[in-house]
Protein chains: 2
Amino acid sequence: MQGLWLSKGSWAFKPDLLDPVIGLDESLVAVEAAGICGTDLELARGYYDFNGIPGHEFIGRVVSGARVGQRVVADINLGCGRCQRCQAGVHRHCAERVVIGIHQRAGAFAQFLSVPNNNLITVDEDLSDGLAVLAEPVAAALEIIEQMPKPLPSRVLVVGAGRLGLLVAEVLASFDCEVAILVRSPERAAHLQNKRIQVVTSVESESFGWLVDCSGSSSGLATALRAAMPQAILVLKSTLTDAVGVDLSPIMVKELTVLGSRCGPMDKALAWLGAGHLSVPLSVRYSFSAINSALEAAKSPRFFKVLLEPDPC
Amino acid sequence: MQGLWLSKGSWAFKPDLLDPVIGLDESLVAVEAAGICGTDLELARGYYDFNGIPGHEFIGRVVSGARVGQRVVADINLGCGRCQRCQAGVHRHCAERVVIGIHQRAGAFAQFLSVPNNNLITVDEDLSDGLAVLAEPVAAALEIIEQMPKPLPSRVLVVGAGRLGLLVAEVLASFDCEVAILVRSPERAAHLQNKRIQVVTSVESESFGWLVDCSGSSSGLATALRAAMPQAILVLKSTLTDAVGVDLSPIMVKELTVLGSRCGPMDKALAWLGAGHLSVPLSVRYSFSAINSALEAAKSPRFFKVLLEPDPC
């Protein structure tokens, strides 16, 4: 099959990859489209020491296995199924887990991938590819709502206007929250068509009781810690990719609650996407062989989402 | 009056300080004993840019004002009394607050100090000075219990066996928790007589669902993040004093909840101390003029608590 191979940080289009091996209780899925995510760019910089086929945001169709013909996305965390955490339903924290396209398991930047049947989620035929590939990051954004104590505060600050930050802002706005998003690049904010999201370029200290850091940077975290009111809740949604020291004393002095937040409910994400909440303009598509142009587009703020798809055979 | 003056990091005994000015609704308190706390040593290193009379753990007797004759300790946070936070009872987060002996208000390393009447808490005559001065740090330890969701987990790891770490371990053990305390110096752990506290010198990764960091160091925080199981609760009890970068990605990857924790309920602390829970051997006493010997003792792990008292007149 054709697909992309990431090895030691360099991307290559391969026309002759081996087809995936289908395990017990697994299905073969033909990829229709796969999104490039910030994590993919991180993998290329050495995160998780990943070598192989990346890609974890995708929409495809089952071509062999129990659900042949179904249009599907997948829960990307694959637990061992036997340990206490898997038995308790938190397989995303299984110590032995592998993660599709991220950690020790081939991903969706290829013509086919294999997925355990239990991880497949059926998608309505009328949900566009561009929306369906957002199921994973939208689920991650919805997880914030799952974790927050209720009732939700009425105002929230989202720090960072990368793709995840924009999606988080959209998701939170759909829960009747007043959302402010802190941006550095006005170009990025131009994607936002949602009138309920206020774009700001600076924030006062101690001005928000609920904050979500999607910046992935030490300076973004420092800004969030400064902007937090005493006893505020700060959700950490993105992994820091720089190791610069951040003064963490505001956590203690202001008695903040910091919530680490990762994957979320895919079924709710599909329902949310189907309900037409998303205002951002959608995706640009490249074929696998045009990976270099696709990566350039993914690094630019001009496009909200960059999709990859198999080259025509 | 006599007392200690801290200026640009150096301590001096002064026999002729000006007596405190007593404001409206304040009382004059004669200091009987005051404890040296880690924060005092930090103040000497430049924390809060403090110049003046330090000291915030004390026991004294009211000599003028409404409660003359009462033996008292004090809530050290003084809010403005007018803002929304003060009105809501969280004066410790008042933006205009001063803090006795720490921030813009003279403390207890002197013969007398002035304290707002609302901040005074009466102490039983039969509670020893050595126990009464621990009201503030014991209250800080009890705050952990106030903040934790109930029911409490059955096991907890305390990281750091400084004075605060030891007190925290004692307090948590009194709530029927299995407490492990991570120590570097076996000498320090020798203070612990409580059979319900297990002293450990290393911990496995992902081994605790509840952790309290009392280390005050980046390496302690890194150890706590490593030892945390997925979805664990990590209470940050001490301010980091070094600015070395810590890899915070476990907060997100393991979906940890990090709770900043500061001051606590003084009345409950006095009740706890009065109930005889504390197993650690108590204090060594120095007069103000022997500050250099007292500081040396405070830096050594040999003594659990170093008290200062006025020189005999």
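**View 1. Contacts between chain A and chain B in the predicted model.** In this predicted model, 37 residues of chain A are in contact with 36 residues of chain B. Bringing the two chains together buries an area of about 2,700 Å², and carbon and sulfur atoms give 58% of that area. The size of an interface is often given as the accessible area lost when the parts come together.

View 2. The same surface serves both copies, since 97% of the contact residues of chain A recur in chain B.

**View 3. Salt bridges and polar contacts across the interface.** Four salt bridges are found across the interface of chain A and chain B. One of them joins Arg92(A) to Glu255(B), with the closest N and O atoms 2.7 Å apart. Polar contact between the two chains amounts to 13 residue pairs, with both residues of each pair at pLDDT 80 or more. On the side of chain A that touches chain B, at least two residues are supplied by each of α4 (135-147), β14 (228-236), α8 (249-253) and β15 (257-260). Sorted by class, this side of chain A has 18 nonpolar, 10 polar and nine charged residues.

**View 4. Strand pairing between the chains at β15.** The element β15 (257-260) of chain A, which supplies at least two residues of the side that touches chain B, also pairs with a strand of the other chain. Its partner is β15(B), residues 257-260 of chain B. The pairing is antiparallel and runs over three bridges. Within this arrangement, Leu259(A) stands opposite Thr257(B).

**View 5. The hairpin of β1 and β2 in chain A.** This view turns to pairing within one chain. Strand β1(A), residues 3-7, and strand β2(A), residues 10-14, pair in the antiparallel sense over five bridges. Leu6(A) has Trp11(A) in β2(A) as its bridge partner. How many residues lie between the two strands of the hairpin? There are two residues between β1(A) and β2(A), and Lys8(A) in the turn has a positive phi of about 50°. In a regular strand the side chains alternate between the two faces of the sheet.

Note on methods. Residues are numbered from 1 along each chain as its sequence is written. Chains are lettered from A and ligands numbered from 1 in the order in which they are written. This is a predicted model: local features need pLDDT of at least 70, side-chain atom pairs count only at pLDDT 80 or more; totals for chains, interfaces and linings use all residues. Side-chain values use heavy atoms; hydrogens and water are left out. Contact means heavy atoms within 4.5 Å. Buried area is the accessible area (1.4 Å probe) that two parts lose on being put together, summed over both. A salt bridge is a side-chain nitrogen of Lys or Arg within 4 Å of a carboxyl oxygen of Asp or Glu. A polar contact is a pair of N or O atoms within 3.5 Å; within protein, one must be able to donate a hydrogen and the other to accept it, and residues adjacent in sequence count only if both atoms are side-chain atoms. Helices (H or I, at least four residues) and strands (E, at least two) are DSSP runs, numbered from the N terminus. Ala, Val, Leu, Ile, Met, Phe, Trp, Tyr, Cys and Pro count as nonpolar, Asp, Glu, Lys and Arg as charged, and the others, Gly among them, as polar. Two strands pair if DSSP finds at least two bridges between them.
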